[in-house]
Each structure stands twice: as C-alpha cells, then as structure tokens.
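Me: I have just opened this one and would like a careful walk through it. Could we start with the overall picture and then go to some details?

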Amino acid sequence: MTRVSEIMQTMEYGPSTEDASAARDWLAGHGSFGHFIDGAFTAPADTFPTRDPATSEVLAHVSQGSDSDIAAAVAAARAAQPGWAALSGTARARYLYALARHVQKRERLLSVLETLDNGKPIRESRDIDVPLVARHLYHHAGWAELRDSRFPGHAPLGVCGQIIPWNFPLLMLAWKIAPALAAGNTVVLKPAEYTPLTALAFAQICQQIGLPAGVVNIVTGDGTTGAALVASDVDKIAFTGSTEVGRGIARALAGTGRRLTLELGGKSPFVVMEDADLDAAVEGVVDSIWFNQGQVCCAGSRILVAEAVAPLFEDLLRARMDRLRVGAPLDKSTDIGAIVDPVQKARILSICKAAVDHGAELIGGQPQDGCFIAPGYLRNIAPANPGMTEEIFGPIATLSTFRTADEAVELANATRYGLAGSVWSESATVATDLAARIKAGVIWINAANLFDAAAPFGGMRESGYGREGGAAGMLDYLAGPAVTPAPDRPGAVATTNPSDATAIDRTAKLYIGGAQKRPDGGAMYPVRGGLAPLGSRKDIRNAVEAASKAGKWAAMGGHGRAQVLYFIAENLAARATEFASRTSKAEVEAAIDRAFHYAAWADKFDGTTVQAKPGHLVTVIPEPSGIIGIACPDAQPLAGFLSLVLPAIAMGNTVVVIPSESDPLPVIDLAQVFDTSDLPGGVVNIVTGPQSDLSLHLAAHDEVTAFWHAGAGTDLTAIDQAASGNLKPVWPIPPRDWTGSEAQGETFLRHATRQKTIWLLYGALPAGSGGAAY
Ligand code: NAI
C-alpha cells in the first residue's frame, strides 16, 4: 500500500472528475439544435455533429446555417433594433444584469458544457472563462447605463454580425454581445462549428430572462454560414479568428463603408530579461503558452530569454513542463486538456514537423492518442524557421536567446503580428522600456494572459484592428455624431493673382523628407491656378521612406509637437493674405484655428488607468499609429489638408498626403510654412497628382499603418482592397464643410492613435502568486 510519506514525495494524486450529469442531462434533453432566431429555436435542419475532442463522443447535432437562416436572423435583428435602442440605458442595463446573474447561476452547467465541447481543462472554463463572461456582462450593464452621458451624440450602429472562434467560445460571445447590446445594437452571432453548445445554452438564457425577441440571434454553422453573414445586410462585422479569414472578410466588405473590427492571430513575444524572477517567468510560460493547450491568440509563444540566464531558465522550464498533467479535461487536476479537433491537432503537428525539418530541436511536444499533445518547445530555431513565423496555436513554444535589450526588442518585433507581449524583469525601468518598444496592443509586465472587461484588448499590424473591452470597445459599437454634408465647392478659389500663378507654375514641387523635389518623371499636370507636379508610384515610395525615417517626431513628446503646431499657426497668420488670395479668408482662418486646436490637444489626449483587477495597474495609452496615408478632399484644399494633417502629426504620426487633385497649389506652398516652423523633415510629405492612382499605391504600401480617405472620386472598394494586404484600417471620412467646427475634434485624434493596454502588478501582491493571477 502506498504510504502517506511517499505521497508527500511524489505528490501523485488520483482523478477528481467534475460531475457532468447536469450538462449531459441538458444535452440529452435536446439531442439536436436549430438556430435561435427572433427569440425562438428553429427546427433542426441539415445537422452536423459536435464532439467531445477528448473522447470523440458525439455530444449533440447542430444545424448548418443557410443563406436564408442568416437572412431571417438579420431581419429579426433589424426589426428588433429600433425598440431595443429606444429603451432607456437603465432598461438595457437591467437586461444585461439579468444575463450576468443567470450566467452565474448556471456557472456549473456552462463550464462543464464548455469543457466537453472544447476540450479545455475544467479548471480553465470554471475559474477563468465563465467568471469572465459574467464580468463582461456586468461591466457592460454599466456601459448601457452610462452610454449617453459618457458618449454624447453617439448612436448605435444598428445590426452587428459577430463571428467567433472555438478557443474561448462563451467568453468570445460575451466579449462581442455585451458591448453591442449595451450600445443599443442588436446582433446575429455565429459560433465556431467545433464549439456551438455554450452559445446555444446562452440563447436559452436570453429566453429565460425575457430578452426581447430578435435582440440576440444565434445561427450555427461553418465558414460558409460565416461568409453568408458577412455578405448580409448588417451594419458591422466583428470577427475573431485566423488572419487569413479576417483578410478575406476585409476584402469582402471593401467599399461597403460598413464597420469592421478584426481580432486575428498572433505570435506574441515572451521576453525574459537577465534580472527576471525566473520561477515566476516559468509560471508565466505555463499561463501564457500551455494554458488552453496553447490555443490562445495572444499566447506568448515566442520565448526570448537573455543569454546569461538561458541555461538556468531552460532547466526550470523543463522541470515544470515535465510535471504538467495532460489528460481528461473534466479532471480538476488536469493542466492540459484536448486539442479542439483532429484537424487542429494535425495542423499543429505539421508545423512542428516543418520546424524540425528546418533544423529546430523539439523538446517534448509529442502527440498522444486522441486529440492530445504534450507541452513542448522548439529550441535552436532560426528566425526564418516556420516554427518561428507561423502561428502554431498549440502547446508548443519557441525558445531563443538574445544578448541586449535592443536585440530583444528587435526579435520581439520581427513578426507580422502585433497582438500581445509579455515582459519579465525586476527592473521597472527595463520592463517599461520594453513595454513601450514592443509593437503590440497588449503588454503584460511580469504577468501573462490577463484579461478583463475594463481593459481594451486588440491588436495592431496583421493581428487586426479595433478593441474589445472598456470605453474603446464601446466606441467600436457606436457611430459618432453625424456631420453636415459639404455645400458644393464652398469657399471657391478666388481669382489667382497672375504673377503669383506664374511663379508657382515654375517652382511647384513635391515635398518629401523636408525638401522640395521634382516628381520622378519630371512631368506636370494642369490644376487650378497653374501646373502641379505629377507624382508617381516611385514618389509615393520615396515619401513613405522619408516618413519612416522621421520617427523622432513621436519621441519629441506632446509639448514639443505643440510648439511646432503653434509656430505653424503663427507663420500661417503672417502669410494669411497671400494664402487667402489663393483659397479664401474662411479657409485660412480655419487652418489657423486647426493649428491652435491640435496644438492644444497635442499634450492632452491622454491615456487612462482602468479598474481591471485589484492588485493591477492597467494603463491604456494612445500611441501614434505610425505612418498615416491621407487622401484630401478636393474642395477647400487648404482647410481640408490641415484639418487632416494636423491631428495626425499632433499625435506623433508622420504622414504622406495626397492633396486636392484639382487645386493643390495652396498646399504646395505650405511647404515653406512647415520649413519656417521647425517641422522636422519627413513628418509631412506631399505628393500631388491623380488621387485615384496615388491613393492605391499609398493604401497598399506595407509600411503605411492607416489610411484616411477623404478624397473625391477615388473608388473606396479599390482602396479597401489595397489596404487589406497588411490589414491596415481605412477610415472613409464623409464630406463636410472643412471650414466648420465639425472638421476638428477628438474623432480625428482617435483615428490617429491606437491603444496599447499595459498591465502592471501594483499594490499588494498575494505571496507566491507570480504571474498566475487566476
Ligand atoms: P477560422 O478563422 O477559420 O474560424 C474562426 C471563425 O470564422 C469560425 O466561426 C469559422 O466558422 C468562421 N469562418 C471561417 N471561414 C469564414 C469565412 N470565409 N467567412 C466568415 N467566417 C468564416 O479559424 P480556424 O480554421 O478554426 O482555425 C485556423 C487557425 O486560425 C488556427 O490554427 C489559429 O492559428 C487561428 N485562429 C485564431 C484565433 C484567434 O483567437 N485569433 C481563433 C481561432 C483560430
């Protein structure tokens, strides 16, 4: 017989299986499911099985949603939306509160169902997923209440189509449904084909709390059902899933002007500095990479460790890895459960094989019977190895080393993704320096994979755009105040002084890198008041290169940038009569106002600290987007140009701008104003010429991080498609009177920035909790 003293040595313990009888009774009571449309379940049709990946047992049959199912769901959502939006904030809050309470009451059923359908350990679904679902619903009950006071003038978008993946089925549902409903939208949600069950259980909860019919609709099915939702008459698509499908959705929506948020893949760095608490960092790896079988978009799957401590770190890592328990997901002592489906298991193994074929060494990571893979990591791996570049989405990390902090940052950013990052150092200076320099939407300092409804989550680069959580997440489900359409060519150009026109004709040049340049081909084209340089694709490339070299502008800080903007206002004022003679007095006055306005904002568009979790300081910082491409309106060339350029540069971006096609000369003359105002070369670059052509080159350029389209006559579809290559957001800016007050404000600043959410441990930390916060 085993003695207690032996057990104390081995720490072996027997199975402790969660009781699944309630979930099984619930499943047996249904057998097959239809869709949830207009407050009722449809009859099951065209069904397919959903299985427990741990045992391959069929759990239930669900319906494959057709085009007509999607159309019915969207129609129900459309019909319900005005009534839902007309409710008071408090009334909507009460419904969200009721959903939260019912989720809490059915906690056990939901977590067991999630574990059965997804294969994740019950510890995760019970202790992380379902409590966070309730947290999201509570938090957004609050936003429903506060919407009108916190976001004055904003309105719901209408009907939102939401497509979610299988790795956090119920949590992703809550992330999407809660803000949409709080804002006054109605939704059609499509769960992933592998994991539809908790969404259907949630649909029942909607019925039980008496949510008005049509406010939440759930249509099950595979990617074709998702594609039908994308093609339907919804006002927004919110998608979480693979980068490839996300890019396809961006292309499918090109030119529609519909709102889109994308939360896509990642290959996030996990940086361990020489002075890190290595035991805590190893626990962080467990949380970050092996948690949920590595099927986490923000997993810190690229471990980068300081060379000096790499051998010790690896020893600790290996010892911890060997003790992780892979096995039955319903067992409360299981650390690593089942991979969601054999298809995913095969995908993970094929990337690992390719990595090994390219010279990497795989430690652990062996496949086991069924949908199980032991935790592992790839070492001796070159930067170009597929294991380093591809999202493995399984319990396999990569391990590489660096010598200096600069090298760590370089390696961390050597990816097309930008979702998250985790940094480990006992030095606040080192850790926050890395947090600032890693290009990602979320950074955890001495922690990993922490989430909260108040903390915006989302990526940059090919990890997508848009935020979920907090005020930023709410804004992604709201439309800003409508603008008054522009009158026809307001403030028409005054007759040009012929002597000026001649002077401009002869000297008009592009403005690139702070210097006036002849266009690449040397050609000019006729414009209002003379001739302008005919910019080409090569000029756009040169301008983007110049913009990328002017990165110090961001580092100048808001105070430094404000001074330059005030100086621009002063120099414009000094030449007001001259500019007014080429445009109008109203335009010049508006331009000077803009410079004052955005100089004021330059050091006041602040970040915020949010109340996410006790013991954590979560700071949300607006960072410059990077290089913004801007196509200006044709009318009001000066006011239009500066209304767009000034907010962008006030926030620390550099810009490449295509001014009014027919009337660019007043803007070309601005180059002298910029030079005399100490604007560093390369911050503003101006390429004149045919907007339709130049906009496409600019929107397609990989180094351009966002594109603002206020240009006339350029096809938005083509621009959206060009921009989808590296998934840069395109902001179609509705026409307006660019001399009026609607041409300025915080909306422009929001589009000029993207939020970085930084998690820091703060205050009392329970002894020994390390990075494992849950
Ligand atoms: P996926 O991107 O194909 O599926 C995600 C969701 O999109 C599912 O609901 C799916 O039915 C739907 N979908 C698929 N094709 C669609 C289309 N053409 N139009 C509209 N909706 C469509 O992801 P999949 O195939 O399940 O996983 C493949 C890889 O994607 C994973 O190995 C992983 O690398 C990545 N992934 C990333 C996730 C994340 O959280 N960022 C989540 C799931 C997968």
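Me: What radius of gyration does the protein chain have, and what would a compact globule with 774 residues have?

Reply: The protein chain has 28 Å, which agrees with the value near 28 Å that a compact globule with 774 residues would have; the radius is taken over C-alpha atoms, and the globule rule is 2.2 Å times the number of residues to the power 0.38. Along its principal axes, the C-alpha trace spans about 105 × 65 × 45 Å.

Me: Where does the model come from, and what are the ground rules?

Reply: This is a predicted model, in which local features need pLDDT of at least 70 and side-chain atom pairs count only at pLDDT 80 or more, while totals for chains, interfaces and linings use all residues. Residues are numbered from 1 along each chain as its sequence is written, and side-chain values use heavy atoms, with hydrogens and water left out.

Me: What is the average pLDDT of the protein chain?

Reply: The average is 94, and 95% of the residues score at least 70, where pLDDT is the predictor's confidence in each residue, from 0 to 100. Over residues 490-504, however, the pLDDT is below 50, although this stretch has 22 contacts in the model beyond near neighbours in sequence; a contact means heavy atoms within 4.5 Å. Where pLDDT is low, the predicted coordinates should not be read in detail.

Me: How many helices and strands are there?

Reply: The protein chain has 28 helices and 34 strands, which are DSSP runs numbered from the N terminus (helices are H or I with at least four residues, strands are E with at least two). Of the 774 residues, 58% count as buried, with buried meaning under 20% relative accessible area, exposed over 50%, and partly exposed in between (1.4 Å probe, protein chains only).

Me: Switching to helix pairs, how do the axes of α21 and α24 cross?

Reply: The axes of α21 (residues 557-574) and α24 (residues 637-650) come within 10 Å and cross at roughly 155°, the axes being lines fitted to C-alpha atoms, for helices over the stretch in contact, with angles from 0 to 180 degrees between N-to-C directions. The two helices are therefore roughly antiparallel to each other, since angles under 35 degrees count as roughly parallel, over 145 as roughly antiparallel, 65 to 115 as roughly perpendicular and the rest as oblique.

Me: Which residues meet there?

Reply: Arg-561, Leu-565, Ile-568 and Leu-572 in α21 meet Leu-642, Leu-646, Ile-649 and Ala-650 in α24. By class, that contact has seven nonpolar, no polar and one charged residues, where Ala, Val, Leu, Ile, Met, Phe, Trp, Tyr, Cys and Pro count as nonpolar, Asp, Glu, Lys and Arg as charged, and the others, Gly among them, as polar.

Me: And how do α2 and α8 cross?

Reply: The axes of α2 (residues 21-30) and α8 (residues 197-208) come within 13 Å and cross at roughly 80°, which makes α2 roughly perpendicular to α8. Trp-26, Leu-27 and His-30 in α2 meet Leu-197, Leu-200, Ala-201 and Gln-204 in α8.

Me: New topic: where is Asn-292?

Reply: Asn-292 lies in the loop between α11 (278-290) and β13 (302-306), and its phi is near 55°, a positive value in a residue other than glycine. Asn-292 counts as buried, at 0% relative accessibility.

Me: Is Ala-45 buried, partly exposed or exposed?

Reply: Ala-45 is partly exposed, with a relative accessible area of 41%, and is found in the loop between β3 (40-41) and β4 (47-51). Not counting residues up to four places away in sequence, Ala-45 touches Ser-63 and Gln-64.
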